[in-house]
Amino acid sequence: MDVTPFLSRVPGYTAFPTVDQMHAELDELAAAHPDLVRLRRIGTSRLGEPLRVASIGSGPDDAVIIGGPHPNEPIGALTVSALLRLLVEDAELREGFGYRWHLIPCADPDGARLNEGWYGRPSDRRAYAEHFYRPCEADQVEWTFPLTGPGYFFDRTLPETEALMRLMDETKPAFVYSLHNGELQGAFYYLSRPDRELAERLAALATAEGLPLHLGPPEVPSAVAIGPAAYETPRGVHLGPVFGVGGGSVDYADRFDALHLVTELPYWADERVADQTPTDRRYADDIQAFLKGQRALIGELAASLAAVRADLTIHSPFRRSLEDFVGTHDEFIDAWEDFPDAERPATVAEVVGNEQVVHSMRLRYCGTYLRMLDAEIGAGNRTPAIRAERARLGARFDEWFAEAEEAAVSTPIPLRSLVAVQLGAALLAADAARRG
């Protein structure tokens, strides 16, 4: 399938939509095309937001597209918008491709509203860090599907997750697509099946749009590569016990033998993440530096939390996220201690990738910490310890941001290019699932 003609129709975007804007667009399209677009509510978020899906197309197969499974990853909202409008406008794609599409622009609207402070400034890395919010692991829609494994059981599903489960139970999809993105890593993919031909086409799609491929360290050390910047999707049975979470959307998609795809894209491009030139540094040493940097961050935030914990009064989502990171992240990074083949020279991509993870974690969770303290101060809780740690961590944030900026050799990626890659990947994978 040649997706190029469809990608040329992706508009130029300048910002990510707010939750209200997502709802307004769905209402507009459903009202303008009542014979094509079926809009309905499939659930309610924990804070009372309606969870809605737009369905379009005549089948015989079904595809479920999940935007915003993590609220700091809103590229998918634009991709859902672009795909829905394309299906409205293109009768041949809508009726001849063989799918009923079920599109959700945002699976976690509560969390998305806590990121809206930077949605209008997508290229501003400081704004991103200052207004960043990512739920703790057990509050993530993507990782709270039911899971039963050897010696492990999880059934604390969220209302948002249950809405996705009901939609999949109803449609029994052939294709499920969870739309993700990161920050400064390159483009990479997760596929539920080791389809190397599809993996190569997905990699070529990102390259054609000018995105560097992520050829540095994998997101999880146990990831199994299918092709360049493509991995088999880790299942909940392996990740659940480590993080205290459930299955992913891939685990639920497996019930229907659906092809499941995750597309991970950066906001900023750094060509070094695709540079496989060997350095004069052992990869084992690079891993230890990576672990040391993250453990130092955890230690510093833990010490600061100890200084203010007795004074905290607000059980904010920022506090829950921060305490979860401090309490569990060390277990995740421990898995890197036994990374195989670490005695070889590290590549440029591996060195840069590990450095960027440390910078990213510092800014993400220092920013989250400051939002937690600001919530206390805004409520009038201005104890000496809270004021002192707010001043100290505020200065630390400035230091870490300056270090991250000095280390970064990156440029903001046009939103149009990011949406084009996610949209093209949807069509390529849906076509592969249909043919398979």
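**Close-up views of helix packing and the open sheet**

**View 1. Helix α9 against helix α16.** Helix α9 (residues 196–208) and helix α16 (residues 415–435) have axes that come within 10 Å and cross at roughly 160 degrees. α9 is therefore roughly antiparallel to α16 (angles over 145 degrees count as such). Axes are lines fitted to C-alpha atoms, for helices over the stretch in contact, with angles from 0 to 180 degrees between N-to-C directions. The crossing of α9 with α16 is right-handed (the near helix is turned clockwise from the far one by less than a right angle). From α9, L198, R201, L202, L205 and A206 meet V421, G424, A425, L428, A429 and A432 of α16, contact meaning heavy atoms within 4.5 Å. These residues divide into nine nonpolar, one polar and one charged (Ala, Val, Leu, Ile, Met, Phe, Trp, Tyr, Cys and Pro count as nonpolar, Asp, Glu, Lys and Arg as charged, the others, Gly among them, as polar). The model is predicted: local features need pLDDT of at least 70 and side-chain atom pairs pLDDT 80 or more, while totals for chains, interfaces and linings use all residues. Residues are numbered from 1 along each chain as its sequence is written, and side-chain values use heavy atoms, with hydrogens and water left out.

**View 2. The open sheet of nine strands.** The strand order is β1-β2-β4-β3-β7-β11-β8-β10-β9, with mixed pairing; two strands pair if DSSP finds at least two bridges between them. Helices (H or I, at least four residues) and strands (E, at least two) are DSSP runs numbered from the N terminus. β1 (38–44) and β9 (225–227) are the edge strands, each pairing on one side only. Strands β3 (residues 61–66) and β7 (residues 175–181) run parallel and are joined by four bridges. F175 in β7 stands opposite A63.

**View 3. Helices lying across strands.** Helix α2 (residues 19–32) lies across β1 and β2 (50–56), at about 35 degrees to β2. α9 lies across β8 (188–191), β9, β10 (230–232) and β11 (259–265), running at about 155 degrees to β8.

**View 4. Helix α13 against helix α14.** The axes of helix α13 (residues 317–334) and helix α14 (residues 348–378) are 8 Å apart, and the helices pack at an angle of about 140 degrees. F318, R319, S321, L322, F325 and H329 in α13 meet M361, Y365, T368, Y369, R371 and M372 in α14. By class, this contact has seven nonpolar, three polar and two charged residues.

Methods:
Angles under 35 degrees count as roughly parallel, over 145 as roughly antiparallel, 65 to 115 as roughly perpendicular and the rest as oblique.
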